[in-house]
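Thanks for coming, everyone. Please bring up the model on your screens, and we will walk through it together.

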Amino acid sequence: MDKLEEFRIETRQWLAENCPQSVRKPGFIPWGSQKMKLKADTQTWLDLMIGKGWTVPTWPKEYGGAGLSREQYMVLMQEMRSINARAALTGRGVNYIGPTVLEFGTDEQKAKWLPTFAKGQGGWCMGYSEPAAGSDLANLQLRCVDEGDVYRLNGMKTWTSDGIYGDWIFCLVRTDTEKPKHDGISLVLVNMDQPGVEVRPIQLISGDSPFCETFFDDAIADKGDMIGPKNKGWSVGKRLLQYERSVHGGVNTSGAQVVEKRQSIAEIAKTYIGVNAEGKINDEAFRTRLLKLEMNDRAYKLTQQRVIAETKASAPALATSILKVGMAEFAKERTEVLLEAMGSQGLGWEGDAFTDKEIRATRDWLHTRAVSIYGGTSEIQRNIIAKRVLGLPD
Ligand SMILES: Cc1cc2nc3c(=O)[nH]c(=O)nc-3n(C[C@H](O)[C@H](O)[C@H](O)COP(=O)(O)OP(=O)(O)OC[C@H]3O[C@@H](n4cnc5c(N)ncnc54)[C@H](O)[C@@H]3O)c2cc1C
């Protein structure tokens, strides 16, 4: 038996013996926030996976990982999926800032931060966007001044997802106002639990407030917590975005890959549209649309596997833009096909006339509008592909 097969058998056995039944289905996955209390079984699963180094399987053991090879990582993911086990830890700690510190941090920074990410000790927010810096991110203005002992921050960030539950925020800041705009930027880690940081939820039309505005009023950051050289944060920040996009594109091999098992649209469509004498969905045009979607799904999954196998680093570089656009457009099409299958029942927002699944389908459909915006819009990804991948002129 080869070594990989041995690893598969050991992994399967360990999961069978240790993975609680209650986490073998979709549900809440912790992301490190110390402001959220975990259910006992979620905590147990997290502790067990931390013990194995499997919250960040490919990271070196000294930093809380398991030092798995790419092939072993794939095996672990396959085995977890086969029993529908959900990831024990996710979020911007293990998936965005973690691999960035692993790539750009000093030895001291790695020793300080990586084990905390791996153990989910701190929920991380992302401080990139500002009112005048979204797609034009390099326009950011949050000022960061070196005061000798500490850095002092003044300004604001916006669209901070999970801001009210965040413990830490990684921020792109302006450290030099004289230089051309891409050259005066740095990446710094900031504790959100300090008097100088105020988080204000943004109320959405749905009634939810998943985003916040984050204000920095003489907030301080430790001098040791700037990742990468001062004023060179644009490159570091762009690499972090590639880690983010690799998560959205399903090709991240750093932290957790969260994949929900989805109910077959064909089965759902049969109950709403009905079947013909051959047992097929009773609408040829719908069948064709669904078939195209399923073919794209299969092709996309194969592409993800190929990209993972071919990428030496823990996330591809510019190719993440291609994968992010592909995944965003696929996610949107999938929810649209599902709504088409449900007909007017797929347009419910609330009330007894709709089942929970129907209401979820409507909300998922609306939510997928966001996937082509966050992490950089699809238009921006296409600009990157045109300029940096295809080499087309500006
Ligand atoms: C669900 C969600 C979560 C988010 N979470 C976070 C977070 O945690 N932290 C954070 O920092 N940010 C977050 N964001 C913000 C996100 O990064 C920005 O919304 C995004 O980068 C777009 O910026 P903008 O909203 O300012 O839109 P704009 O930049 O104003 O863009 C408006 C429109 O113009 C288009 N456009 C702009 N420039 C160009 C161009 N050069 N060529 C072609 N088209 C262009 C865009 O594609 C878009 O369609 C989140 C956004 C969403 C939707």
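**Around the ligand**

Let's start with the ligand. By class, the shell around it holds seven nonpolar, nine polar and two charged residues. Keep in mind that this is a predicted model.

In total, 18 residues surround the ligand. The closest are Y128, G134, S135, T377 and E379. Which elements give two or more residues to that shell? They are β1 (124-127), β3 (150-161) and α11 (378-389). The largest share, four residues, comes from β3.

Now the domains. The domain assignment gives domain 1 (3-97), domain 2 (124-232) and domain 3 (262-389). Where does the ligand lie relative to domain 2 and domain 3? Both of these domains give residues to the shell, so the ligand lies between them. The C-alpha centres of domain 2 and domain 3 are 33 Å apart.

Next, look at β1. Both of its faces are covered. W124 and M126 are buried on one side. C125 and G127 are buried on the other. As background: in a regular strand the side chains alternate between the two faces of the sheet.

β1 pairs with strand β4 (residues 168-174). The two run parallel, and four bridges join them.

Setting aside residues up to four places away in sequence, I169 touches W124, C125, G127, V190, M192 and T214. I169 also belongs to the largest nonpolar core, which has 69 residues. Which members touch the most others there? They are L114, L153, I169, F170, C171, V188 and V190. In general, nonpolar side chains in soluble globular proteins tend to be buried together.

**V197**

On to V197. This residue lies in strand β6 (residues 197-202). Is V197 buried or exposed? V197 is buried, because 22 other C-beta atoms lie within 10 Å, and the threshold for that is 20 or more. Leaving aside neighbours within four places in sequence, V197 contacts V190, M192, T214, F216 and A219. For a sense of distance, take P393, which is 196 residues from V197 along the chain. Their C-alpha atoms are separated by 42 Å.

**N139**

N139 sits in the loop between β1 and β2 (143-146). N139 has 13 other C-beta atoms within 10 Å, so it is partly exposed. Not counting residues up to four places away in sequence, N139 touches A132, A133 and K181. R174 is 35 residues away along the chain, and the C-alpha atoms of N139 and R174 are separated by 9.2 Å.

**Two positive phi values**

Last stop: the backbone. N84 is not a glycine, but its phi is positive, near 65 degrees. N84 lies in the loop between α3 (70-82) and α4 (92-104). With 14 C-beta neighbours inside 10 Å, N84 counts as partly exposed.

D218 is not a glycine either, and its phi is positive too, about 60 degrees. Where is D218? In strand β7 (residues 211-222). D218 counts as exposed, because it has 11 C-beta neighbours inside 10 Å.

That's the tour. I'm happy to take questions.

How values were computed
Residues are numbered from 1 along each chain as its sequence is written. This is a predicted model: local features need pLDDT of at least 70, side-chain atom pairs count only at pLDDT 80 or more; totals for chains, interfaces and linings use all residues. A residue is buried if 20 or more other C-beta atoms lie within 10 Å of its own, exposed if 12 or fewer, and partly exposed in between; C-beta atoms are placed from the backbone. Two residues are in contact if their C-beta atoms, placed from the backbone, lie within 7 Å. A residue is near a molecule or strand if its C-beta atom, placed from the backbone, lies within 6 Å of it. Ala, Val, Leu, Ile, Met, Phe, Trp, Tyr, Cys and Pro count as nonpolar, Asp, Glu, Lys and Arg as charged, and the others, Gly among them, as polar. Domain bounds come from an automatic or database domain assignment. Two strands pair if DSSP finds at least two bridges between them. A nonpolar core is a set of buried Ala, Val, Leu, Ile, Met, Phe, Trp, Tyr and Cys residues joined through C-beta atoms within 7 Å.
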